[in-house]
Amino acid sequence: MTHQLLHQSATALDLNSVSAPPSSKHLLGTTANGQDVLAQLVSGTRESMLAGLVASVLGTSIAVVVGVTAGLAGGIVDSALTGLTNVFLTMPGFALIFVISGYTRGGGPVVIGIIIGLFGWAGGTRALRAQAMSLRSREFVLAMRMLGESRWRLAMVEVLPHLIGWISAMFLGGFVGGVLAEAGLAFLGVSDPSTISWGIMISQAQQGNALISGMWWWFAPPGLCIALLGASVALVNFGVDEISNPRLRNANRSLVKRAQQASRAKEVSHAR
Amino acid sequence: MLSDTDGGVDARAHDRGPEAGAEPPVLEAVDVTMHFTVRGGLGRTSTVRALEHASLQLRRGRIVALVGESGSGKTTLARLFALMYTPTSGEIRLRGKAVAPGRGRAAREYYSEVQMVFQDPFASLNSMHTVRHNLRRALLIHGRAGKNDIEERMLDLLERVSLTPTKDFIDKLPHELSGGQRQRVAIARALAVGPKVILGDEPISMLDVSMRLDILNLLARLRDEEELALLYITHDIASARYLAEEIHVMYAGQMVEGGPAEEIIQNPQHPYTRLLLDASPDPARTVTAGGSSVFADVEDSGEPPNLAAPPPGCRFHPRCPFATDDCRRAFPARTEHPTGQWVHCWLYPSGASA
Amino acid sequence: GGVAKQASGTAGTINVEAPNSAPTFTNNFNPFSQSDTGPGLNIIYEPLLASNRAKGGVLIPWLAKSWAWSDGGRTATLTLRPGVKFSDGNPLTPADVVYSLDLLLKNPKLGGATYSAVKAVGSDAVAVTWKSAAYQQLGDLKTINIIEKKLWVNRKPLTYVDKNPVGTGPFAMKAFSPQAVTMAARTDYWGGKPAMANLKYVAATSANIQTQLQNNSIDFCTCDIDAKSYVASDPQRHRFIMAWDGSVVSVMLNNGKAPFSDVHVRRAFADAVDTAAIAKLASSKLPLQEPPASPTGLSTKTYKDWIDPKYLAPRKQDVAAAKASLQAGGYTVQGGRLMKDGKQLPVTFVAPSDTPFIMTIAQLVIQQIKQTLGIDIKLSGGANASDEVAKGKYDLASTWLSSGEGIYTALNQFNGSLASPIGTEASNNSVRFRNAAFDKVLAEMAGTDDQNRLKQLGMQAQAIFVDQVPTIPLFSSGAAGVANTRHWTGWPPAANPDYLANTGSGTELITTLLHLKPAKG
Amino acid sequence: MPGENGETLLDVRGLTVEYLSERGSVCACDDVSFTVRRGEILGVAGESGSGKSTLITALTRLERPPAVTTAGEILFRPRGAAEPVDLVGLTERDLRKLRWRDMAIVLQSAMNALNPVMRLSAQFTDVLREHDRTLSRQDARERTGELLALVGLTADQANRYPHELSGGTRQRATIALALACGADLVVMDEPTTAVDVVMQRQILANILRLRARLGFAVVFVTHDLSLLVELADRIAIMYAGRIVEIGTAFDIYHRPGHPYTEGLRASFPPLREPVRLLSGIPGSPPDLRDPPPGCAFHPRCPHRFAACDSVLPVLRPVGDQQVACLLHSGRSAQEPARKERTDDAVGH
Amino acid sequence: MTAPLTASGTGLAPQGGAGEAARPARRRTRWTWLGSRLGFYLFVTWVAITLNFFIPRLMPGDPAQAIISAMAQRNGQTPPPATVHSIQLLFGNPDRPLFSQYLGYLGELAHGDLGLSISQYPVPVIDLVRAALPWTLVLVGSSTVIAFVIGVGLGIVVGWRPGRRFDTVVTPLSTVVGVVPYFWIALLAVWIFAVQLGWAPVSGGYSVDTLPGLNLPFLVSTLHYGLLPVATIVFSSFGGWVFGQRNMMVTTLSEDYVLLARAKGLPGWKVMLVYAARNAMLPSITNFALAIGGLVGGALLTEIVFSYPGMGFLLFEAVSKRDYPTMQAVFLLITLAVLLANFVADSVYVLLDPRTRESR
Ligand SMILES: Nc1ncnc2c1ncn2[C@@H]1O[C@H](COP(=O)(O)OP(=O)(O)OP(=O)(O)O)[C@@H](O)[C@H]1O
Ligand SMILES: Nc1ncnc2c1ncn2[C@@H]1O[C@H](COP(=O)(O)OP(=O)(O)OP(=O)(O)O)[C@@H](O)[C@H]1O
Ligand SMILES: [Mg+2]
Ligand SMILES: [Mg+2]
């Protein structure tokens with residue numbers, strides 16, 4: 001993909017332009033080793049996304065299974081799962097992930113993603129559990145239960161659709177969290193440097209003294225990409241929040257503006 | 001559109017008395033008690049005595065109203081009927097046979113006879129599913145329709161709850177319906193399984209005032225046309241009188257009085273029933289009296305007790321102006337009246353009529 | 001601040017980045033510790049002799065002022081330098097030396113010894129005995145620090161935490177903090193007092209060392225920075241002094257395992273690689289060019305006089321020869337795969353994940369092989385790379401090979417008798433090269449003290465090396481010394497220094513420091 | 001009627017409140033006009049969504065975005081003031097001076113109306129001391145005790161947090177709070193819907209007794225007409241953001257002028273009178289985003305005729321009350337300027 | 001018929017007796033609540049200890065090899081065979097059954113014995129930790145608190161008038177700032193403020209010209225050196241608070257009690273702080289407890305960028321040198337510190353919210 005698109009490979013070394021600033025040949029310049037930054041960025045996107053995706057899919061799945069099971073089952077199952085969640089929630093997650101990946105000594109984006117997902121699922125679980133729990137005692141669930149629906153169908157057909165919003169928000173959050181965590185780990189040297197991810201790029205740029213040598217084109221893009229991804233997800237979350245919490249909609253900018261204008265007009269007319 | 005309730009309330013009033021007790025009940029609660037264990041921090045628990053020795057019978061073609069203030073255990077009793085809890089003692093009997101909460105086929109069989117209509121029509125329909133989904137599931141689970149006739153059966157159900165034109169309603173989502181219409185869908189869903197008993201837990205309290213009577217009239221019609229047995233739970237004693245043949249009054253988990261509706265309204269025996277009646281708004285009273293002085297009379301009559309530590313004996317005694325030592329000692333036995341009315345109160349000699 | 005001068009006539013403090021600096025220092029100056037210690041052990045403790053790696057590893061007297069061979073090269077008698085004192089004021093005695101050497105002999109946990117006996121001779125000499133002729137092994141003594149017997153007799157050498165080290169070196173411990181260790185110059189040092197009153201080891205990491213150099217808070221380090229931009233930022237004061245230490249960055253070929261057990265494949269790969277291009281890339285951050293390596297695997301900077309003149313030039317990239325060589329061996333390349341007899345021979349390049357430099361070299365080699373021979377090589381990076389290399393679980397790998405400790409030591413790295421089988425760890429000859437003729441030449445070298453003979457034998461070995469291609473030498477390298485002349489001048493020239501300026505080696509650092517003078521103004 | 005002869009305390013004229021939204025605005029209070037005299041209880045009844053709460057918050061100038069008052073005046077005559085002030089024109093600063101001293105509010109759910117993290121006493125003290133800077137802490141505490149005693153609570157309950165009190169107690173406490181600064185006008189938004197009938201009766205009794213004692217006027221909003229008939233002096237019926245009828249409680253109950261009032265009356269089964277078949281009102285309330293043209297009630301009205309879906313009826317006197325229905329105004333009743341209408345509708 | 005009851009009129013006083021009982025009961029529930037939290041934290045501690053013990057034992061690789069590799073890398077060549085052998089002798093796993101090892105581990109922990117560092121053998125890990133812990137405590141503690149105060153304060157202000165320009169600028173901005181990687185920001189900060197502008201030192205916790213101790217130059221230099229790390233942590237972590245606090249504020253503003261507070265004629269600031277903000281802050285406090293764990297991660301990265309001599313750096317070094325005992329100890333201590341911080345936050349919550357219930 002990268003090859004055909006940019007006629008550049010992320011790992012190919014162009015010995016004739018080492019540490020070159022952006023040019024028509026290398027749109028984002030090259031690294032100190034003569035690798036095309038844009039090509040690295042593009043293939044880094046894939047790996048970072050892969051890590052984020054694996055982390056997010058795994059984390060969200062665990063969270064859904066644990067949260068929904070706890071919320072719907074109640075009783076001792078709930079207590080046990082909630083306890084488990086709280087344990088993971090209170091432990092310093094990144095440190096834990098770092099230590100674990102320190103033991104496993106790196107690995108590709110998939111391995112890193114798995115570790116992040118495996119130890120970083122607790123965040124959304126509480127919310128899911130609370131939602132599932134409140135849904136469980138909702139009257140429509142009781143009503144369907146009284147029709148004789150099986151538990152499985154109740155969970156899948158009646159309850160889960162209501163959690164889609166939460167789950168997707170969680171998924172998005174987990175995704176960005178995964179990308180960020182991967183970047184952090186790569187910065188700490190827990191990564192497979194034969195792959196290229198945004199985090200690895202930053203870490204290599206830093207090791208290559210990119211900033212001091214004035215090679216901003218090497219240092220800036222991966223960080224900006226992460227920030228951009230995070231920002232877009234944060235903005236999505238803005239929307240999700242407004243959907244899940246209608247009261248927030250009152251804070252809509254255009255409405256507030258119109259209201260201000262309207263009341264100002266009223267005051268003016270009154271003053272006359 | 002809906003004032004087609006032929007028969008009318010007056011008509012019913014005539015043939016309701018003699019029937020009482022003649023026919024065996026479809027569903028009954030026999031001396032049920034329900035205590036909830038509530039877990040606090042550090043494994044400490046307390047017991048909420050939500051329902052004590054309650055008995056109630058539902059008969060074919062009759063509506064029994066259950067009134068009482070908040071927390072008096074009305075919902076708990078309805079849920080016991082719906083087999084959501086196992087009673088601490090006593091039993092629920094369907095056609096004389098004791099039943100217990102279960103799963104699978106047994107539960108399905110029970111629910112094909114007993115259905116519930118919930119308080120909040122906004123909450124009792126899944127906002128994600130259409131009217132069709134609700135009715136379809138109800139029909140399919142209980143094998144009440146095959147592939148060919150399912151559409152017809154669904155439309156028929158909507159017809160029965162007067163959601164016409166039925167074709168317009170079947171594919172609507174709950175948010176496209178008004179509260180009254182939603183409640184009708186909920187009733188249609190309950191009817192879909194062909195039940196003999198419908199438990200209505202405050203089915204109108206969340207509805208707009210103008211739409212309440214609509215639902216009450218629909219319930220009355222179902223009783224008459226389909227000979228359903230109905231439990232009508234409410235705060236509003238006036239609506240109980242309007243709809244039901246029998247009224248049972250509960251206070252703090254105890255059944256304090258019951259009997260034919262008119263008797264209870266016109267001739268309340270238990271001090272709590274009287275308090276309730278006095279407190280209920282009655283425009284006729286004020287307006288005929290020409291003033292609103294009645295309010296001054298009930299300025300402070302205390303509050304219902306905490307069911308985790310209820311007062312001993314008759315739970316009403318702390319608020320009762322007639323309380324005696326007997327009241328504090330034990331819950332009084334039942335006093336029966338020839339009219340079919342009964343009361344649990346020390347003011348009346350047990351076994352005798354007042 | 002506010003440190004009183006210890007030696008009169010000396011001035012100021014020199015700030016040095018600790019070699020392989022940890023970001024924070026350990027307050028333990030036990031010279032026998034097998035793990036991290038505080039910085040500067042090597043300027044506190046000194047060995048009997050040192051080597052000059054700028055001159056092909058020739059041995060130079062240090063605490064021993066001279067030595068003589070007897071017993072057919074099995075015994076060396078070393079005469080101690082007079083007037084050497086420990087920093088606690090006690091003079092160095094043969095007893096201290098015997099104790100120091102014996103400690104290693106009797107205590108294999110401390111790293112072991114190659115000699116078999118040590119004894120004092122008279123009042124100023126010690127005799128060290130080996131089991132066989134050891135002309136080439138005297139250099140082993142230069143890693144042995146001489147300690148004061150009196151202090152150590154009651155200490156457990158492995159586990160003792162020494163916060164107050166006492167040695168014969170020019171500097172003595174003054175103040176410790178986790179970020180800086182200050183040492184005071186000794187006025188009574190046998191080699192003369194250094195020009196600086198204090199030496200401060202500053203903790204730094206590769207991430208911030210360049211900044212610290214540029215803002216003048218570090219005067220000297222041996223470190224990996226963007227030296228080109230450093231020098232360019234102030235050519236007057238910023239010095240880059242390469243310490244050519246004899247190392248040659250090479251592609252290791254696993255001679256113990258197919259396909260590189262076959263000399264045809266080794267030759268083909270060697271011919272296919274463009275060492276000049278790799279050397280160029282490797283030096284892209286240096287203000288000077290690291291020369292492409294001699295095909296003998298010996299550094300042309302260190303062993304110029306020892307290398308057969310016909311091998312001084314690097315091997316030229318020769319794609320045709322490479323292909324011919326593959327064909328001669330019966331190999332074909334199909335769809336990026338190396339095949340022989342219908343069987344595929346996958347090739348992996350193992351590179352350690354935490355050394356980006358090596359990683360880059362690997363990528364370039366892979367790219368070149370792909371372009372020339374069309375073979376796809378899988379790059380496998382990981383933190384376990386060094387384990388894998390040691391155990392022989394690799395096809396290609398890259399590292400700094402060879403040493404500046406003399407021609408014998410340099411060639412001895414490929415001694416077949418040191419090779420261990422695949423799967424077991426090798427500390428030497430991890431390319432697992434086995435060649436009887438080569439080993440025979442090495443054995444002869446070990447038994448001679450005659451420099452001419454040594455040179456002759458060395459050339460024989462070189463011929464075998466070039467023919468058999470146990471590794472693909474890429475370019476000569478060294479330790480990058482970076483200095484700032486704002487406070488101290490007198491650094492060795494970058495071109496052909498008489499000694500190396502390198503914080504990693506104590507004797508080299510001491511030599512460097514003794515040459516320094518305060519900058520004027 | 002108690003308030004009959006008192007001076008006008010509040011004169012609302014043409015009050016219009018809109019909720020702005022991305023999909024156009026909703027007019028939840030449309031051209032609402034009425035007066036309240038000193039000491040009078042004005043009941044406002046209407047179905048859910050008819051704009052009752054909107055009216056209450058606009059009256060007290062407490063509307064929050066996206067609600068905006070777009071037209072109308074709220075003339076309020078504080079005690080001792082010669083001239084009424086128009087609340088709509090006041091700045092937040094000036095309003096603050098009027099607040100609680102002159103007008104107070106009781107909200108539907110006391111659980112939500114009391115700050116859950118402050119003791120009752122603190123919530124009394126802060127308002128008492130805000131409006132009387134000279135009051136000492138001790139005095140404020142005593143005053144709190146007195147106020148609570150007014151509604152039958154003990155002084156020691158002042159030290160509780162809201163969640164420690166039962167629903168009825170809380171609601172009574174909010175009423176006591178409303179009386180803290182001796183307001184002339186107390187607006188109440190369904191203060192009894194969250195409590196039991198017995199408690200409801202107690203609260204209403206309290207209100208009546210205190211009104212008799214302290215002489216404040218009440219605007220009481222509820223959807224329970226039957227309750228208002230017992231409580232209020234006059235009743236206004238709201239439908240779809242407009243007042244469709246105003247009259248004395250007696251008239252509203254016995255001689256409803258508007259078909260909607262009639263229907264509402266018939267929605268409450270009687271407690272003691274003979275049971276008849278009642279029908280409520282067919283259909284459902286309109287969506288204010290897209291209100292029906294003409295009379296908003298016409299789709300549900302049993303007496304509708306051709307003009308109903310095009311002509312907007314306005315309040316006009318019919319007997320002692322005022323009704324906004326074309327049945328009473330004749331088909332040709334095309335009103336000219338709105339402003340005038342409201343003026344004579346209020347009838348000074 | 002209805003006479004008897006209506007006559008009773010003023011009847012019964014509200015149940016004072018029950019009220020009397022309520023207060024001590026409430027106290028007790030608060031204490032039990034805290035007690036159960038404490039129990040939970042003890043449990044988490046045990047889990048952390050156990051994880052700590054088992055994870056390294058389930059992982060591939062062995063410490064001896066780690067040291068050998070590290071030495072090889074440092075010296076440019078593998079150590080002589082004898083050395084290799086001695087290291088293996090030194091660190092080889094004892095052939096004790098796992099469970100008795102576990103018990104031994106627990107016992108040692110109970111005595112505060114965290115073992116000896118491998119990479120700085122034989123320095124006790126506790127010494128390393130003792131040197132590093134204060135740095136991190138001060139760094140994380142101060143930056144967390146500052147970020148919380150700034151973030152929540154800003155959130156209160158923007159949430160008080162939502163939809164106004166200030167809100168529409170500040171809120172998205174601070175959110176975006178919050179998702180930029182810590183270390184990237186930190187590296188940029190170093191480059192801008194330390195390298196280009198020279199306002200702050202590049203790295204370290206104090207000036208190398210000072211000697212650690214209770215002397216003025218040292219303390220001043222710690223402040224100077226701490227400025228940039230603290231600022232970067234604050235910069236990249238306050239945004240999360242703004243968004244959450246703002247939303248809670250907006251949500252709280254539509255609560256009736258805020259409306260009532262306005263109706264009471266209270267001044268705006270009082271409504272904002274005493275009524276709206278105080279309630280809106282409660283979730284933030286809960287989140288604060290939860291966020292501490294996350295912040296430690298950020299601080300860890302920041303410490304590494306600045307070579308700040310704290311726990312994060314120690315952990316980083318330990319991981320890269322496979323110094324298992326140090327790794328275990330640092331992780332354990334970080335966990336304990338986080339738990340402690342959680343407990344403190346929980347206790348504050350209990351103080352601020354009289355409703356403290358079991359399920360929050
Ligand atoms: N699942 C439960 N666990 C614990 N206590 C319960 C449970 N269900 C009900 N209760 C308690 O039992 C008592 C009776 O509750 P119930 O819901 O039956 O009253 P109700 O008469 O239906 O009240 P309302 O009119 O408010 O609906 C209450 O005090 C309630 O708190
Ligand atoms: N925040 C809001 N945004 C948009 N529309 C609103 C908002 N609040 C209320 N409305 C609309 O304004 C109308 C009047 O609402 P209001 O709350 O005043 O009615 P109400 O008579 O008090 O009803 P209820 O009896 O349910 O309290 C309703 O149709 C509602 O849809
Ligand atoms: Mg109920
Ligand atoms: Mg309202």
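Let me begin at the ligand, where a backbone N or O atom of Gly49(D) lies 2.8 Å from an oxygen atom of ligand 2, and let me say at once that what we are looking at is a predicted model. On its own, ligand 2 has 630 Å² of accessible area, and the protein covers 69% of it.

Taking the surroundings as a whole, 13 residues surround ligand 2, and the closest are Ser48(D), Gly49(D), Lys52(D), Ser53(D) and Thr54(D). Which helix gives the most to this shell? That is helix H1 of chain D, residues 52-59, which contributes three residues.

Now to the sheet of chain D. Eight strands make up an open sheet with mixed pairing, and their order is S6-S7-S8-S3-S9-S10-S12-S11. At the edges are strand S6, residues 103-106, and strand S11, residues 316-318, each of which pairs on one side only. Direction ignored, neighbouring strands of this sheet are turned by 25° against each other on average.

Within that order I would like to pick out one pair, namely strand S3 (residues 41-46) and strand S8 (residues 217-222) of chain D, which are joined in the parallel sense over five bridges; here Ile41(D) has Val218(D) as its bridge partner in S8(D). As a reminder when you look at such strands on the screen, in a regular strand the side chains alternate between the two faces of the sheet.

For a local detail, let me turn to chain C, where strand S4 (residues 64-70) and strand S5 (residues 75-80) run antiparallel and are joined by six bridges. The two strands form a hairpin with four residues between them, and in the turn Asp71(C) has a positive phi of about 65°. Ser70(C) has Thr75(C) as its bridge partner in S5(C).

Finally, some totals for chain B, whose secondary structure comes to 14 helices and 12 strands. Of its 354 residues, 59% count as buried, and its accessible surface comes to about 13300 Å², with 49% of that belonging to carbon and sulfur atoms. Among the contacts in chain B with a separation of 6 or more, 65% are between residues 24 or more positions apart.

Technical notes
Residues are numbered from 1 along each chain as its sequence is written. Chains are lettered from A and ligands numbered from 1 in the order in which they are written. This is a predicted model: local features need pLDDT of at least 70, side-chain atom pairs count only at pLDDT 80 or more; totals for chains, interfaces and linings use all residues. Side-chain values use heavy atoms; hydrogens and water are left out. Two strands pair if DSSP finds at least two bridges between them. Axes are lines fitted to C-alpha atoms, for helices over the stretch in contact, and angles run from 0 to 180 degrees between N-to-C directions. Buried means under 20% relative accessible area, exposed over 50%, partly exposed in between (1.4 Å probe, protein chains only). Contact means heavy atoms within 4.5 Å. Accessible areas come from the Shrake-Rupley method with a 1.4 Å probe; for residues, only the protein chains shown count as cover. A residue is near a molecule or strand if one of its heavy atoms lies within 4 Å of it. A polar contact is a pair of N or O atoms within 3.5 Å; within protein, one must be able to donate a hydrogen and the other to accept it, and residues adjacent in sequence count only if both atoms are side-chain atoms.
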